[in-house]
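Open the structure in your viewer and keep the selection panel at hand.

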Amino acid sequence: MILRSDEEILNALRKAAKAEKRIIAAAGWKQGQRERELKLSIALQTPKDLIAGLELRGNAILNQPDKNVTFQVTLDIRGQIFRLERIDWRPQNPHVNRFGPPGLRGLRVESAYHSFDLNSTLDLETIVRGNLPIAKPLNPEPNDFNELLISLREHLGIMNAEEIMEPPWSPTLL
Amino acid sequence: MVADSSLKKELSISEIATKVAKELSHVEIFDDGARIRTPVLMPSGRQISIRINAMEPKFLVSDDGVGYREAELMGAESNFRRYASIVSQQTGVQFNSFEFFELEAELDNLPGIVAIVADASRMAVQLTAEKLIENLGFEETAQIIEVLRHAFGTNRVNSDVEIRGASNETWHFDALVKADRKDIAVLRVKPSRNSVSSAYVKLDDVRRLDDAPVGVAALVRRPEFSPEQIILLNRASVIMDLNSPLRDWQRLAA
């Protein structure tokens, strides 16, 4: 199907966000372009909906264990990668909602869940420009990496998220 | 949280303002320096923190790569580097592929330098985010190019062009038609506030050139535009419906 309008793209993103996902090929964490940067890329499958182009992407910092971890689900639509949902765990800098309903607009959040449901109230350009600009606190707040994986299952719908390896943190390395 | 409603009754406005100011920034001290969280926000809403390291007698002030990391999360590192270099030239803040920084900040000017570095980082991410938006709507862009090529001939239509406006800023347009009388610069506009305001800035800047092309706002989903949006765009451009018949497009060259 050739997606033409923003609405059609948003519908494809909505469908992908709701779909139950499974990891089909779990690669390990690799060093990114920056020193100390760890990156992860995992292919996702949607057994019930057969949606192509879904990935889980992770970011962590080598010498910062148990903080500054981000996971986001992305969808490739004709070569363009869209961010579907994101979880930031104990980020260095908090997030402030520029948009959102009363109670959420202006809210400052530390560990955050950027859900597609919340962000789909915005137009596609605003979603892309702000990289899912509305977040709510990640609840419950994970106490360790294993609990973060439980959040991935509950919020991002990745049913076998516990298969993801912990980043190879080295607190003493600079 | 700054103050809950029960506190609101007990605190004076001066106390509330002081509390807000304290909450807006935050300092973290580590072995070889400190990090100050500023109230400056990235397009995503992330607060920008700036690192300071003492390098006697001056200071190193850096965004610690927070802008790069934002771009990385958007999948736009290459564009970020490109725009960061432009911002670096425009602001004088240095950039080394990952970080914005000032090497020799004076103690007396540190607050200002911290703000300048944070703002440079924000500007580069903002430009990167705008570039991502330009790449949306591939179908409409393809449609515009197809219509223009039918109307004016393939050789006269260049797609994805950069035009330098009167402000000296360079803007991306979807197409530039080399017509006999005057060039025609075409920009796709959607019925959203961001798209309209971004288009207005570009079209207005380009129409102020001495030898300005005819600026055209090609409206995607014309019925969804508000009268106010149409008024605004009409001030800076000729308005066309993306689905206008060929003869209407050809009139632009008349």
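Select Asp88(A) and Arg46(B). Their side chains form a salt bridge, N to O at 3.7 Å. The term requires a side-chain nitrogen of Lys or Arg within 4 Å of a carboxyl oxygen of Asp or Glu. The rule finds 7 salt bridges across the interface of chain B and chain A.

This is a predicted model: local features need pLDDT of at least 70, side-chain atom pairs count only at pLDDT 80 or more, and totals for chains, interfaces and linings use all residues. Residues are numbered from 1 along each chain as its sequence is written, chains are lettered from A and ligands numbered from 1 in the order in which they are written, and side-chain values use heavy atoms, with hydrogens and water left out.

**The interface**

Now show both sides. Contact (heavy atoms within 4.5 Å) joins 42 residues of chain B to 41 residues of chain A. The two chains bury about 3,700 Å² between them, 42% of it on carbon and sulfur atoms. Buried area here is the accessible area (1.4 Å probe) lost when two parts are put together, summed over both.

Which element of chain B gives the largest share of the side that touches chain A? Select H3(B): it supplies 6 residues. Helices (H or I, at least four residues) and strands (E, at least two) are DSSP runs, numbered from the N terminus. Colour the side of chain B that touches chain A by class: 15 nonpolar, 12 polar and 15 charged residues. Ala, Val, Leu, Ile, Met, Phe, Trp, Tyr, Cys and Pro count as nonpolar, Asp, Glu, Lys and Arg as charged, and the others, Gly among them, as polar.

**The rings**

Over all chains, the search finds 8 aromatic pairs. Rings of Phe, Tyr and Trp (its six-membered ring) pair if their centres lie within 6.5 Å; planes under 30 degrees apart are stacked, over 60 edge-to-face, the rest tilted.

Select Phe71(A) and Phe145(A). Their centres are 6.3 Å apart and their planes at 50 degrees, so the pair is tilted. Phe71(A) lies in strand S5 and Phe145(A) in helix H4 of chain A, 74 residues apart. Phe71(A) is buried, at 0% relative accessible area. Buried means under 20%, exposed over 50%, partly exposed in between (1.4 Å probe, protein chains only).

Move to Tyr68(B) and Phe98(B). Centres 4.8 Å apart and planes at 80 degrees make this pair edge-to-face. Finish with the cluster that ring pairs build from Tyr68(B), Phe80(B), Phe95(B), Phe98(B) and Phe100(B).
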